[in-house]
Amino acid sequence: MLQQEEVKSVDDVLDQAEGQRGILITVLQRTQEKLGYLPEEAMRMISGRLSMSLSTVYGVASFYKHFHFKPRGKNIVKVCMGTACHVRGAKAVLNEMEAKFGVKEGETTEDLAVTLETVGCVGCCALAPVVTVNDKDLYGELTPKMVDDIIDMVRSEHGTHA
Ligand code: FES
């Protein structure tokens, strides 16, 4: 259930979209920016105010990998599974991350500290295998020891207790 403040955020987004055609994706983006994801209640509000069926709104949102329907972690850790990283041990890195964070790929830790995801090539194949944290910090040429260090760093530097 959305908090009153969150309902107001979605209402504000919808007020700004009033009367504009083809605004659904923008509304979804702005709603996700405000709430961090697209909860069902927000999707229902969007459906009602834009006079679109809920299935249409979900259909459009689920077409794009960018949109999320569950809360995401404060930190987003992505293991590159592109060809170069795969060949150089990305699966072992992912397995280690899953074991240490206690979640599977695509899941978020219970305390919402970390979401663990995989990603296609991030363009740094020479550094394979590669992990990114919050889409800004990149760690390459990973070894199992470095994976432990990254996990410790995410827990401390990024202010989590995962
Ligand atoms: S395959 Fe991982 S950076 Fe290119």
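This is a predicted model: local features need pLDDT of at least 70, side-chain atom pairs count only at pLDDT 80 or more; totals for chains, interfaces and linings use all residues.
1. E141 is found in the loop between β4 (137-139) and α7 (144-156); helices (H or I, at least four residues) and strands (E, at least two) are DSSP runs, numbered from the N terminus. Although E141 is not a glycine, its phi is positive, at about 50 degrees. E141 has 12 C-beta neighbours inside 10 Å and therefore counts as exposed. By definition, a residue is buried if 20 or more other C-beta atoms lie within 10 Å of its own, exposed if 12 or fewer, and partly exposed in between, with C-beta atoms placed from the backbone.

2. Residues are numbered from 1 along each chain as its sequence is written.

3. Two further backbone features deserve attention. S51, in the loop between α3 (40-49) and α4 (54-63), is a residue other than glycine with a positive phi, near 55 degrees. S51 is exposed, with 6 other C-beta atoms within 10 Å. A cis peptide bond, with omega of about -5 degrees, joins A128 and P129; P129 lies in the loop between β2 (114-119) and β3 (131-133). For context, most residues other than glycine have a negative phi, and most peptide bonds are trans.

4. The overall organisation is as follows. The secondary structure of the chain comes to seven helices and four strands, in the sequence pattern α-α-α-α-β-α-α-β-β-β-α. The chain is divided into domain 1 (4-63) and domain 2 (75-156), with bounds that come from an automatic or database domain assignment. The C-alpha centres of domain 1 and domain 2 lie 31 Å apart. Along the principal axes, the C-alpha atoms of the chain fill a box of roughly 55 × 30 × 20 Å. Of the 162 residues, 23% count as buried.

5. Helix α1 (residues 4-17) has 14 residues and reaches 20 Å from its first C-alpha to its last, close to the 20 Å expected. The expected span is 1.5 Å times one less than the number of residues in the helix. After α1 comes G19, with a positive phi near 80 degrees.

6. Strand β1 (residues 75-80) has five of its six residues buried, so it is largely enclosed by the rest of the structure. Strands pair if DSSP finds at least two bridges between them. β1 and β2 pair in the parallel sense over six bridges, and K78 stands opposite E117 in β2. β1 and β3 run antiparallel and are joined by three bridges; here V79 stands opposite V131 in β3.

7. A nonpolar core is a set of buried Ala, Val, Leu, Ile, Met, Phe, Trp, Tyr and Cys residues joined through C-beta atoms within 7 Å. The largest such core has 18 residues, and those with the most contacts inside it include V77, V79 and V131. β1, α6 (90-101), β2 and α7 each supply at least two residues of this core, and α6 gives the most, with five residues. A second, separate core of 10 residues includes L28, M45, V57 and A61.

8. Which residues are in contact with V131, leaving aside its neighbours within four places in sequence? They are V77, K78, V79, C80, V93, Y139, L142 and I150, where contact requires C-beta atoms, placed from the backbone, to lie within 7 Å.

Technical notes:
Two residues are in contact if their C-beta atoms, placed from the backbone, lie within 7 Å.
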